[in-house]
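Please read these notes with the coordinates open. They go through hairpins, sheets, helices and cores in turn.

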Amino acid sequence: MKIAMLARNANLYSHQRLKEAAEARGHTLDILNTLRCTVHIASHRPQVFYNGAAVAAYDAVIPRIGASITNYGLAILRQFEMRGIWSLNESVAIGRSRDKLRSLQILAKHGLGLPLTAYANDPKAAEEIIKAVKGPPVVIKLIEGTQGIGVVLAETMSSAKSVIEAFRGANVNILVQEFIKEAGGTDIRALVVGGKVVAAMQRTGAPDEFRSNLHRGGSAQVIKITPEERSTAVRAAKRMGLNVCGVDMLRSNHGPVIMEVNSSPGLEGIESATGKDIAGQIIDFIAANAKGGATKTKGQG
C-alpha cells in the first residue's frame, strides 16, 4: 500500500514508529508536512499540492494533525477525502474530538459516564456554574486545550470565579468540571484501534500536580482495566466515529468517567509502558480496512 501521513514533525516518536511499522510490512509511507500542503478547488477536480507539486494517488492517509493547526489540517484532510482516499480517522470525527464541549455533548447523549460539566458565556454566571458541578474545588479547562495546557484546579469559590472571569475576559471559551478527588491524581489511557482496546496504561501526575499528562512530567505504568472501563472506551470511540483514539478516564466512586477522547494519541508512553507494538497494529488495521472511496463523509460536515 501507499500511505500518506499528515504531520508537521516527521521526527516525532509516534510518526517514526508508524513509518517503520509500515515499511516493515512492505508498504510505503510518506510523511507530508501539513502546512506545506495546499488545496486547489475546482469543479470535479479536488486536488492537493505539496511543495507546489500535485500529490500522487495514495491508498490511505493517516492524519496526525496538531491542535494548533486543527482547522487548516482538517481542510487538507477533507480534500484527501473528497478524492476518495481512505482516512484512518475522518475529518468530521477529528473535528468533534477537538471541541471538548461538542465531544462531551455527544458522549452524554449516548449515556457514557462523564464528570459533571457546565458551560456559560457570561462571566457573571461563574458562581452558578461552579455550584452546578458541586464545587469548589473545580477543574477549569480550555475547550480546545491539549496535553494538559489550559487546565486549572481552583480550590475555593473566589479563586474559581477569578479564573473564570479572567478566561472569559480574554474571550477564551472554557468548561468547568467537578473535581474527581478519589482519582488521586491518576487517570487511565485506553488506546482503541478498530473498536478494540489494544493497550491501557495508568498515568500518575508529578508531585504536587493534579494533571497526569506525560507531557506535564507524569509517569506511566501498565494496568489491567475492568470490563466496564474497556466497554466505556470502546463505546466512546464508536460514538465519536474514531478508528484510532486514546480514551482518558478517571476512576470515580460511581464508575469510569471520560475526561477526553484524543484523536491523535501519542505512542511513546503507551508502547514503553506496555511493550506492545501499537504502531504495527495500526498499520495492520489500515491494510485490512483501507479501500478507495470508502470514506463515509466524503469530507463533508
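1. β3 and β4 form a hairpin with 6 residues between them, and His44 in the turn has a positive phi of about 65°. Strand β3 (residues 37-40) is joined to strand β4 (residues 47-50) by 4 bridges, and the two run antiparallel. Cys37 stands opposite Tyr50 in β4. Helices (H or I, at least four residues) and strands (E, at least two) are DSSP runs numbered from the N terminus, and two strands pair if DSSP finds at least two bridges between them.

2. On the basis of these notes: this is a predicted model, in which local features need pLDDT of at least 70 and side-chain atom pairs count only at pLDDT 80 or more, while totals for chains, interfaces and linings use all residues. Residues are numbered from 1 along each chain as its sequence is written, and side-chain values use heavy atoms, with hydrogens and water left out.

3. Helix α1 (residues 13-24) has 12 residues, which at 1.5 Å a residue should span 16 Å; its end C-alpha atoms are 16 Å apart, in agreement. The expected span is 1.5 Å times one less than the number of residues. Ser14, His15, Arg17, Leu18, Ala21 and Ala22 of α1 are buried (under 20% relative accessible area, with exposed over 50% and partly exposed in between; 1.4 Å probe, protein chains only). Seen down the axis of α1, the buried residues fall within an arc of 165°, so they line one face of the helix; the arc is that of the directions from the helix axis to the C-beta atoms. Their cover includes β1 (2-6), β2 (28-32), α8 (268-274) and α9 (278-289). Gly26, with a positive phi near 85°, follows α1.

4. An open sheet of 5 strands has the order β14-β13-β12-β15-β16, with antiparallel pairing. β14 (219-222) and β16 stand at the edges with a single partner strand each, so one side of each is left without a neighbour in the sheet. The twist averages 30° from one strand to the next. α9 packs on this sheet, touching β12, β13 and β15, and its direction makes about 35° with that of β12. Contact means heavy atoms within 4.5 Å; axes are lines fitted to C-alpha atoms, for helices over the stretch in contact, and angles run from 0 to 180 degrees between N-to-C directions.

5. Within that sheet, β12 and β13 pair in the antiparallel sense over 8 bridges, and Thr186 stands opposite Thr204 in β13. A hairpin joins β15 to β16 through 2 residues, with 7 bridges between these antiparallel strands. Of the 8 residues of β16 (residues 255-262), 7 are buried.

6. An open sheet of 4 strands has the order β8-β11-β9-β10, again with antiparallel pairing. Its edge strands are β8 (117-118) and β10 (151-154), each pairing on one side only. Helix α4 (residues 100-109) lies across β8, β9 and β11, at about 45° to β11. Helix α6 (residues 157-169) packs on the sheet and touches β9, β10 and β11, its direction making about 10° with that of β9.

7. The largest nonpolar core has 27 residues, and those with the most contacts inside it include Leu29, Leu88 and Ile282. Such a core is a set of buried Ala, Val, Leu, Ile, Met, Phe, Trp, Tyr and Cys residues joined through side-chain atoms within 4.5 Å. α9 gives the largest share, 6 residues. A second, separate core of 26 residues includes Leu107, Ile188, Cys245 and Val261.
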